Amino acid sequence: MQEWTDWPVEIHNDPEQIKRIDDSFLTVLTNVNAAEETAKAENGYTTTLTKCTCGDFIKRHKPCKHMYRLAYEL
């Protein structure tokens with residue numbers, strides 16, 4: 001399984017990713033499970049540090065705002 005730290009550092013500096021990082025602070029997660037590093041977004045998406053069920057992640061295969069928020073919460 002890919003770990004959060006396996007994402008290339010450069011990916012987080014991309015302007016599109018910076019927007020997602022900014023948007024993550026407006027994202028509400030519920031059921032954060034620190035031991036399993038999982039959470040639910042208020043809109044029902046399930047996220048981990050390596051994948052998310054949201055359309056953004058499914059389309060781009062790069063960290064989405066839900067993943068950034070989970071990383072922040074953990």
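## Cysteines

A disulfide is a pair of cysteine sulfur atoms within 2.5 Å. In this predicted model, that rule gives a count of 0 disulfides.

Are Cys52 and Cys54 buried or exposed? Cys52 has a relative accessible area of 6%, so this residue is buried. Cys54 has 2% relative accessibility and also counts as buried.

## The sheet

Three strands make up an open sheet in the order S1-S2-S3, and the pairing is antiparallel. The edges are S1 and strand S3 (46-48). Each of these has a single partner strand, so one side of each has no neighbour in the sheet. From one strand to the next, the twist averages 25°. Strands of a sheet pair through backbone hydrogen bonds, either parallel or antiparallel.

S1 and strand S2 (residues 38-41) are joined in the antiparallel sense by 3 bridges. Leu29 stands opposite Ala41 in S2, and Asn33 stands opposite Thr38 in S2. How many residues lie between S1 and S2 in their hairpin? There are 4 residues between them. In that turn, Glu37 has a positive phi of about 55°.

## Thr48 on strand S3

Thr48 belongs to strand S3. Its relative accessible area is 15%, which is under the 20% limit, so Thr48 is buried. A polar atom of the Thr48 side chain sits 3.1 Å from the backbone nitrogen of Thr50.

Which residues does Thr48 contact, leaving aside its neighbours within four places in sequence? They are Glu37, Thr38, Met67 and Leu70.

## The aromatic pair

Across the whole structure, a search finds 1 aromatic pair. Phe25 and Tyr72 form this pair, with ring centres 5.3 Å apart and planes at 75°. The geometry is edge-to-face, because the angle is over 60 degrees. The pair links distant parts of the chain, with 47 residues from one partner to the other. Phe25 is in the loop between helix H1 (15-24) and strand S1 (29-33). Tyr72 is in helix H3 (residues 65-73).

How accessible are the two partners? Phe25 has 46% relative accessibility and counts as partly exposed. Tyr72 has a relative accessible area of 53% and is exposed.

Where does Trp4 lie? Trp4 is in the segment before H1. Trp4 and Met67 are 63 residues apart in sequence, yet their C-alpha atoms are 9.1 Å apart in space.

Residues up to four places away in sequence are not counted in what follows. Trp4 touches His12, Leu49, Thr50, Pro63, Met67, Tyr68 and Ala71. One of these, Met67, is also in contact with Thr48. Another, Thr50, has the backbone nitrogen that lies 3.1 Å from a polar side-chain atom of Thr48.

How values were computed:
Residues numbered from 1 in each chain as written. Predicted model: local features only at pLDDT ≥ 70, side-chain atom pairs only at ≥ 80, totals over all residues. Heavy atoms only, no water. Buried < 20%, exposed > 50% of the residue type's maximum accessible area, 1.4 Å probe, protein only. Phe/Tyr/Trp six-rings, centres within 6.5 Å; stacked < 30°, edge-to-face > 60°. Helix = DSSP H or I, 4+ residues; strand = E, 2+ residues; numbered from the N terminus. Pairing = 2+ DSSP bridges. Axes fitted to C-alpha atoms, helices over the stretch in contact; angles between N-to-C directions. Polar contact = N/O pair within 3.5 Å; in protein donor to acceptor, adjacent residues only side chain to side chain. Contact = heavy atoms within 4.5 Å.
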